[in-house]
Amino acid sequence: VGSPYSHPEQHVMQRRYEMVLRYCAEQVQQGILLYSPIVNNHWINKHLGEDGSWETWRAHDMEMLRKCEALHVLQLPDWQRSKGLTAEIKAANMMDLPIVYVDCSRE
């Protein structure tokens with residue numbers, strides 16, 4: 001599950017985390033196996049502080065993406081400007097992974 005996360009304001013990052021968490025919980029309830037770097041690493045990233053940039057997570061995220069069957073992109077506000085999500089979409093395209101765009105405008 002890909003989504004924007006980084007932002008200068010912590011409350012925006014927290015809100016993004018909560019929205020991704022809700023989506024992941026809904027998917028798990030439907031029996032869908034998934035991985036979300038945001039949900040799985042939010043608390044680690046909070047501990048890292050300013051060291052928790054996209055560059056810190058890039059190799060980890062790309063390795064996990066290689067193990068996926070598809071990329072679900074949550075279209076949260078500013079999703080198209082997210083450096084990390086843009087890189088994940090580009091990588092998924094290069095790997096010929098299906099990409100599912102999830103409209104989150106109701107959020």
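**Questions about the predicted model**

Colleague: Where is Asp-78 found?

Modeller: Asp-78 is found in the loop between strand 1 (71–75) and helix 4, where helices (H or I, at least four residues) and strands (E, at least two) are DSSP runs, numbered from the N terminus. This is a predicted model, in which local features need pLDDT of at least 70 and side-chain atom pairs count only at pLDDT 80 or more, while totals for chains, interfaces and linings use all residues. Residues are numbered from 1 along each chain as its sequence is written, and side-chain values use heavy atoms, with hydrogens and water left out.

Colleague: Why is Asp-78 called partly exposed?

Modeller: With a 1.4 Å probe and protein chains only, buried means under 20% relative accessible area, exposed over 50%, and partly exposed in between. The relative accessible area of Asp-78 is 36%, and therefore this residue is partly exposed.

Colleague: What is the phi of Asp-78, and which residue with a positive phi follows helix 4?

Modeller: Phi of Asp-78 is near 70°, a positive value in a residue other than glycine. Asp-96 follows helix 4 and has a positive phi of about 60°, although it is not a glycine. Most residues other than glycine have a negative phi. Asp-96 lies in the loop between helix 4 and strand 2 (99–103), and its relative accessibility of 69% is why Asp-96 counts as exposed.

Colleague: How do you know that the buried residues of helix 4 are on the same side?

Modeller: The buried residues of helix 4 are Gly-84, Leu-85, Glu-88, Ile-89, Ala-91 and Ala-92. They cover an arc of only 165° around the axis, which means that they are on the same side of helix 4, the arc being that of the directions from the helix axis to the C-beta atoms. The face turned away from this buried side carries the exposed residues Lys-83, Lys-90 and Met-94.

Colleague: What makes a space a cavity, and which residues line the largest cavity?

Modeller: On a 1 Å grid over the protein atoms alone, a cavity is a set of points where a 1.4 Å probe fits but cannot get out, whereas a pocket is an open set with protein on both sides within 12 Å along at least five of seven lines, and lining residues have an atom within 4 Å of a point. The structure holds one cavity of 30 Å³ or more. About 90 Å³ of space lies in the largest cavity, a volume being the space filled by probe spheres set on the points, which are joined across faces, edges and corners. Val-1, Gly-2, Tyr-35, Pro-37, Asp-61, Met-64, Leu-65, Cys-68, Leu-71 and Glu-88 line the largest cavity, and the largest share of its lining, three residues, comes from helix 3 (residues 54–66).
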